[in-house]
Amino acid sequence: MTALTSTPGRAPSSAAPSAPSSSQARRRADRPKLRHTAVGLLFLAVMLFPVYWMVNASLQPSGNTLTADFLPLNPSFAGYERAIAQQGPNLVTSLLISLGTVAFSLAVAAPAAYMLSQIRSRWISVALLAILVSQMIPGIVIANALYAAYNDLGLLNSIHGLILADATHAIPFVILILRAFMMRIPPSIVEAARVDGAGVVRAFVSIVLPVSRNSLITAGLFAFLFSWSDFLFALTLTTTEAVRPVTLGIYTYLGTQVSNWSAVMATAVLSSLPAIVLLVLAQKYIAAGATGGSVK
Amino acid sequence: MPTLETPVAPGGVSPARAAAPPARGARRRRASRERLVQALFLAPAGLYLVLFFGYPVVKNVLMSLQEYTTRTFFTGEAPWVGLANYATAIGSNLFGPAMLNTALFTVGSIAGQFAIGLALASFFRKRFPLSGFLRSMLLLPWLLPLIVSSATWRSILDQDSGVLNGFLRGVGLISEPIPWLTSPSVALIAVVLVNIWVGIPFNVTILYGGLQEIPEELYEAGAMDGATGWKAFWHITWPNLRPVVSVVLVLGVVYTLKVLDIILGLTNGGPANATQTLAVRSYQESFVNFQFGVGAAFSNILILISLVFAVVYLRLNRRAVDE
């Protein structure tokens, strides 16, 4: 994670080509490095200032005014009380939809990803191309068509309808990232199981899936975050308040005039918790997804 | 007690089974069974992609050629109207501004995201204590729900009591508060600024990955020839990073074209239609005016533009693979 113990041959050679003694050289090399850390912290502080401000504003006692102190010295939890009272059910709805999307996306994508990593055929590149292009289709195009279809099928205002729609954010990404991992599974361990008489399905369930545990976690986390963040399908595929994800709750709060900023910001903080918690606790998996699957 | 006939180590090859190949008929049966299993593994994902990506694209083309309104949902009638929806879309007085705003929004966002993203990625390439941790924390704006970011920025950009105007006045940069989201001449700039903030993490991540691929030896060799600092950037970094840069830019365009959440959350296309884009037009025609045919026409125009960039992307990608 950190480069405190710099890899030999890299930093020392560039910082002090003719080092008199290694400890002296390291001390000399560390000073500019710590300055870099300070600059990096400054960049991060600027980039994350809005996040800080969201938390700060959520703890302000005021109702409809925005005047906030720089530090929440007298934190008030009135905004949170209001947010939980009004948006609590919506948070639960979002949670159910997101968990459903994770389960559905992994169940659909994992077997396909495995086969796409195994079969050698020129059709594979065609399939991968289609998956790449599908990620580029604007959400509003899907929403337009799904609204009409959902209206006929009675899927508007339903949790499973939103799960199916939100999976469009996740499934192409999950297929690509799982396939990239499964390509690296040594064929010998699967073949060994096959020779012992296991069928494709059993080899997949008892060998491939356990070995792919880390990439499944990464893919699942992203599926969760994509679905949790969804706003477009929440907005277009619900017409009543029966099923209302929290993103839509925030949007209705915003309206044309905001009447209670601390409640809005408290809801925003609660809606940010999954991203913040996962980034801190599951950093390894998130970083793997950000670089591996490359794109949202 | 293991007997001599079963010397099978766990995971090893059983000689008994390997020595006795199945009869030809059985093998063929097994092969066709194998193919059936393969198909079953692929079928759910294939079906899903067809239903939730293929069908909407086709359905949008059909809808754009029909008079598809709220009435359609009651009567089931959607008369064919040819290209009338496209005529309505292109003829509307919001079409020109929406096209222009889409272009300005996309170009402005990409330019800002890319420049700052490349600067930060180059900075993080210098290894220093906590660099990995700081870099992953930088991902946060990308992982937050866009509507959360919109709400937060709305409070920051508030004309009278927002912290940004307070700060700018405090340091003496402005004397009058800037109406970030309420003035038609400023709103698009404000929306672009927020979208730049959202897009920086993506650019940093991909560009950082690209920078890591450039071998250290090139810089060491360059340094001997006197290429350091900016010279090293122009002669070593930039030429080697070019393929990654093209991919970032093209993908950035495709993803920025379809941005909807940020604009709806910040301005709803206003004030006075100053932040209308093609995506916003499509949404409002379909789900505010319930003119699904016209909305579909707008979104097909959007798809057509995305398609051009998607083709560019795929060509770049193929070239990268060929090389």
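Colleague: What is the handedness of the crossing of α5(B) and α10(B)?

Modeller: Right-handed. Bear in mind that this is a predicted model.

Colleague: Which residues do those two helices span, and at what angle do the axes cross?

Modeller: Helix α5 of chain B covers residues 95–125 and helix α10 of chain B covers residues 187–213. Their axes cross at roughly 40° and come within 6 Å.

Colleague: Parallel or oblique, then?

Modeller: Oblique; roughly parallel would need an angle under 35 degrees, and α5(B) and α10(B) are therefore classed as oblique to each other.

Colleague: How do the residues of that contact divide by class?

Modeller: The contact of α5(B) with α10(B) has 17 nonpolar residues, 11 polar ones and one charged.

Colleague: And α5(B) with α12(B): what angle do they pack at?

Modeller: About 140°, with the axes 10 Å apart. Helix α12 of chain B is residues 229–257. Roughly antiparallel starts over 145 degrees, so the label for α5(B) against α12(B) is oblique. The crossing of α5(B) and α12(B) is right-handed.

Colleague: Which residues make that contact?

Modeller: From α5(B), T102(B), F105(B), T106(B), S109(B), I110(B), F114(B), L118(B) and S122(B). From α12(B), the list includes F233(B), W238(B), L241(B), V245(B) and V248(B), and also G252(B) and T256(B). By class, the contact of α5(B) with α12(B) has 12 nonpolar and six polar residues, with no charged ones.

Colleague: Switching to chain A. At what angle do α5 and α6 cross there?

Modeller: In chain A, the axes of helix α5 (residues 139–153) and helix α6 (residues 159–182) cross at roughly 155° and come within 12 Å. α5(A) is therefore roughly antiparallel to α6(A). The crossing of α5(A) past α6(A) is right-handed.

Colleague: Now the interface. How many residues of chain B are in contact with chain A?

Modeller: 88 residues of chain B, in contact with 102 residues of chain A. The two chains bury about 8700 Å² between them, and 76% of that is on carbon and sulfur atoms.

Colleague: How many salt bridges go across it?

Modeller: One, by the rule used for the interface of chain B and chain A. R194(A) pairs with E34(B), with the closest N and O atoms 3.1 Å apart. Over all chains the count comes to three salt bridges. The pair between chains runs from R194(A) in helix α7 (residues 187–195) of chain A to E34(B) in helix α2 (residues 24–64) of chain B.

Colleague: Backbone next. Where is the cis peptide bond with omega near -15°?

Modeller: From G270(B) to P271(B). P271(B) sits in the loop between α13 (261–266) and α14 (278–287) of chain B.

Colleague: Which residue has a positive phi although it is not a glycine?

Modeller: L130(B), with phi of about 75°.

Colleague: Where is L130(B) found?

Modeller: In chain B, in the loop between α5 and α6 (131–137).

Technical notes:
Residues numbered from 1 in each chain as written. Chains lettered and ligands numbered in written order. Predicted model: local features only at pLDDT ≥ 70, side-chain atom pairs only at ≥ 80, totals over all residues. Heavy atoms only, no water. Axes fitted to C-alpha atoms, helices over the stretch in contact; angles between N-to-C directions. Helix = DSSP H or I, 4+ residues; strand = E, 2+ residues; numbered from the N terminus. Parallel < 35°, antiparallel > 145°, perpendicular 65-115°, else oblique. Left-handed = near helix turned anticlockwise from the far one by under 90°. Contact = heavy atoms within 4.5 Å. Buried area = accessible area lost by both parts, 1.4 Å probe. Salt bridge = Lys/Arg side-chain N within 4 Å of Asp/Glu carboxyl O. Nonpolar A, V, L, I, M, F, W, Y, C, P; charged D, E, K, R; others polar.
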